[in-house]
Amino acid sequence: MNVARQLPISPAATRAGTPVPSAKPPFLGFGLGLRAQHYDEILSSNPPIDWFEVISENYMLPGGQPLRILDQIRARYPVVMHGVSLSIASTAPPNFEYLSGLRDLARRVEPQWISDHLCWTGVHGKNLHDLLPFPYTREALDHVVNRVQLVQEYLGRAIVLENVSTYVQFNNSEMTEWEFLAELSRRSGCWLLFDVNNVYVSAFNHGYDPRTFLEGVPADRVVQFHMAGHSHMGTHIIDTHDHPVCEDVWELYAAALKRFGRVSTIIERDDHIPPLDEILVEVERTREIANSILPPLAAHA
Amino acid sequence: MSDLARQQSDFQRGILSGDDSILAEIPDSPKEKRETLFGVYRNAYTSRLVEAMGNDHKLLHIYLGDEMFDAMGHAYVAANPSQNPNLRWFSSSLPDFLKSTEPYSKYPVLSDLAELEKALNDAFDAKDAPSIEVADMAGFAPEAWVDLTFRAHPSAIRLDLTTNASAVWLALKADEEPPDAVQLEQPSRLLVWRQDVTPVFRELAAEEAMMWDEAANGIPFGVLCSMLATYDDPDSAAARGAGYLHGWVTAGLLTGVSGGD
């Protein structure tokens with residue numbers, strides 16, 4: 001079910017200083033993070049999933065089967081590209097080789113939007129392949145706003161940034177994470193991916209109420225939800241994406257729907273990936289909860 | 001250096017080398033000490049990279065067993081910090097590492113097995129290109145054949161292994177007990193490529209390997225046949241060359257053929 005329109009890539013917008021397209025991405029419905037374990041079943045059975053989110057780096061390859069399958073899935077479903085290596089908050093020089101690969105993939109896939117994480121992944125030419133935290137300072141805000149603007153100009157479109165799960169905070173932070181996200185989105189024009197599980201994880205780890213986070217994010221900037229599972233270690237939670245979504249996160253999802261309205265949603269699973277049928281139950285639950293809380297789509301529109 | 005840049009340097013050093021100076025800038029959480037919380041990042045770093053190596057080298061992992069693969073993986077991660085944003089390429093230097101680092105260098109079958117797995121991985125997602133077909137060859141007049149040159153499919157990779165790693169690979173793949181590792185008197189000449197979407201390999205005789213290597217370098221068919229004539233019966237060299245060529249074409253190993261100018 002393709003309920004979306006394309007966000008065009010405007011060549012004119014790649015010129016420095018030109019505003020990037022800022023139309024709010026459309027509501028895509030209820031989707032799933034695409035994983036190789038499900039390729040065959042998706043292609044043979046066309047499951048009732050509204051859209052797929054794909055990990056950009058998994059397809060930033062010279063050729064072969066992954067890209068061929070992505071083309072086939074893209075022909076049937078709306079697709080969003082979700083990266084893990086943009087490293088938008090890194091103080092290392094921008095990696096234009098990476099950005100070029102990302103832009104090439106976007107030209108092939110024509111995704112509804114391109115997202116990544118509000119984090120950094122390395123400095124000094126090294127990549128730690130993790131979504132690393134940084135202090136929420138005015139200095140960091142200026143730096144990330146500049147980087148987002150650079151990336152948006154390069155890609156010719158507004159990007160979407162996700163809040164990550166964090167395990168540490170910094171003594172020199174000058175604002176909360178939600179204040180940082182709100183200001184970043186306002187100043188750079190980027191949209192926000194509200195990862196419900198990550199809010200729950202970070203709130204537990206740092207001892208605040210996840211609903212405070214929820215209330216602090218500007219409702220009109222949120223264009224996507226992530227739902228995922230985690231591993232509870234007692235004193236802290238690790239964002240492992242290897243379990244079903246827990247009941248507390250479902251409750252927070254319901255609260256997020258009430259605040260943000262109808263938002264494109266996916267289930268993310270990265271480890272202990274279950275059969276497609278099993279994960280479709282969770283996708284259906286995201287839809288059922290949204291339908292039970294929000295007015296029908298026609299009335300909503 | 002800005003505060004943010006310095007903090008990121010310290011944070012990264014804390015993960016890569018165990019330096020604790022960043023901890024002075026991190027508070028304890030309500031329920032946990034900062035050392036434990038920062039340790040989540042430290043632990044995730046190596047385990048994530050070793051897991052990626054295991055995905056790229058499933059049979060080497062089986063061959064070494066969990067414990068030895070894990071120890072080898074830790075040593076590789078320590079010696080080769082990732083420099084590419086894409087985890088896909090992290091294991092690329094593993095064959096060289098195994099060849100040059102003790103104790104692994106004492107067992108050349110390890111680097112050979114890693115080399116073969118790497119070649120299969122590289123063939124899997126190599127650049128796409130159309131393959132020529134037998135009918136494409138039929139379009140050339142017999143007298144034009146001496147000048148024909150060929151272009152190898154981008155997925156094609158030639159390996160010369162010094163051990164019986166390919167037999168070890170085949171046994172492990174079939175879930176069978178691998179043979180004892182053996183150092184070969186003559187190298188095992190392998191050709192790895194992608195057939196449709198599946199990476200495959202086969203062993204080449206010395207003569208075919210020579211012809212492939214030279215053909216891939218752009219040497220025309222007539223010269224290739226002259227070279228074959230030095231390997232075996234000169235009278236059948238052209239027929240042997242045509243036979244090898246036919247095999248490559250039907251296997252999808254060639255992506256281009258050109259006549260002489």
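1. The note opens with strand S1 of chain B, residues 149–152, where the side chains alternate. The model under discussion is a predicted one.

2. The partner of this strand is S5 of chain B, residues 254–258; S1(B) and S5(B) pair in the antiparallel sense over four bridges. Within this pairing, Thr149(B) stands opposite Ser258(B) of S5(B).

3. Chain B also holds an open sheet of three strands, with the order S2-S3-S4 and antiparallel pairing. Strand S2 (157–163) and strand S4 (198–204) are at the edges and each has a single partner strand, so one side of each is left without a neighbour in the sheet. On average, neighbouring strands of this sheet are turned by 30 degrees against each other, direction ignored.

4. Strand S3 of chain B, residues 183–195, pairs with S4(B) in the antiparallel sense, and seven bridges join the two. Gln195(B) has Thr198(B), in S4(B), as its bridge partner. Helix H7 of chain B, residues 165–173, lies across S2, S3 and S4 of that chain and runs at about 100 degrees to S2(B).

5. The division of chain B into domains deserves attention. Domain 1 covers 1–90 and domain 2 covers 107–261. The centres of these two domains of chain B, taken over C-alpha atoms, are separated by 39 Å. Their contact takes six residues from domain 1 and 10 residues from domain 2. On the side of domain 1 that touches domain 2, helix H3 of chain B (residues 58–79) gives the most, with four residues. That side of domain 1 divides into four nonpolar residues, one polar and one charged.

6. The contact between the chains takes 41 residues from chain B and 41 residues from chain A. On the side of chain B that touches chain A, the elements giving two or more residues are helix H1 (3–17) and helix H2 (34–56) of chain B. The residues on that side of chain B comprise 20 nonpolar, 10 polar and 11 charged.

7. The largest nonpolar core has 140 residues, of which Val160(A), Leu192(A), Val196(A) and Leu113(B) touch the most other members. At least three residues of this core come from each of domain 1 (1–90) and domain 2 (107–261) of chain B. With neighbours within four places in sequence left aside, the contacts of Val160(A) are Trp113(A), Ile114(A), Ser115(A), Cys190(A), Trp191(A), Leu192(A), Leu193(A), Val223(A) and Gln224(A).

8. A last point concerns Leu32(A), which lies in strand S1 of chain A, residues 30–33. Leu32(A) counts as buried because 25 other C-beta atoms lie within 10 Å, the cut-off for a buried residue being 20 or more. Apart from neighbours within four places in sequence, Leu32(A) is in contact with Ile49(A), Phe52(A), Ile266(A), Ile267(A), Ile279(A) and Val283(A). Leu32(A) and Val54(A) are 22 residues apart in sequence, and their C-alpha atoms are 8.8 Å apart in space.

How values were computed:
Residues numbered from 1 in each chain as written. Chains lettered and ligands numbered in written order. Predicted model: local features only at pLDDT ≥ 70, side-chain atom pairs only at ≥ 80, totals over all residues. Pairing = 2+ DSSP bridges. Axes fitted to C-alpha atoms, helices over the stretch in contact; angles between N-to-C directions. Contact = placed C-beta atoms within 7 Å. Core = buried A, V, L, I, M, F, W, Y, C linked by C-beta atoms within 7 Å. Buried ≥ 20, exposed ≤ 12 C-beta atoms within 10 Å, placed from the backbone. Domains from an automatic or database assignment. Nonpolar A, V, L, I, M, F, W, Y, C, P; charged D, E, K, R; others polar.
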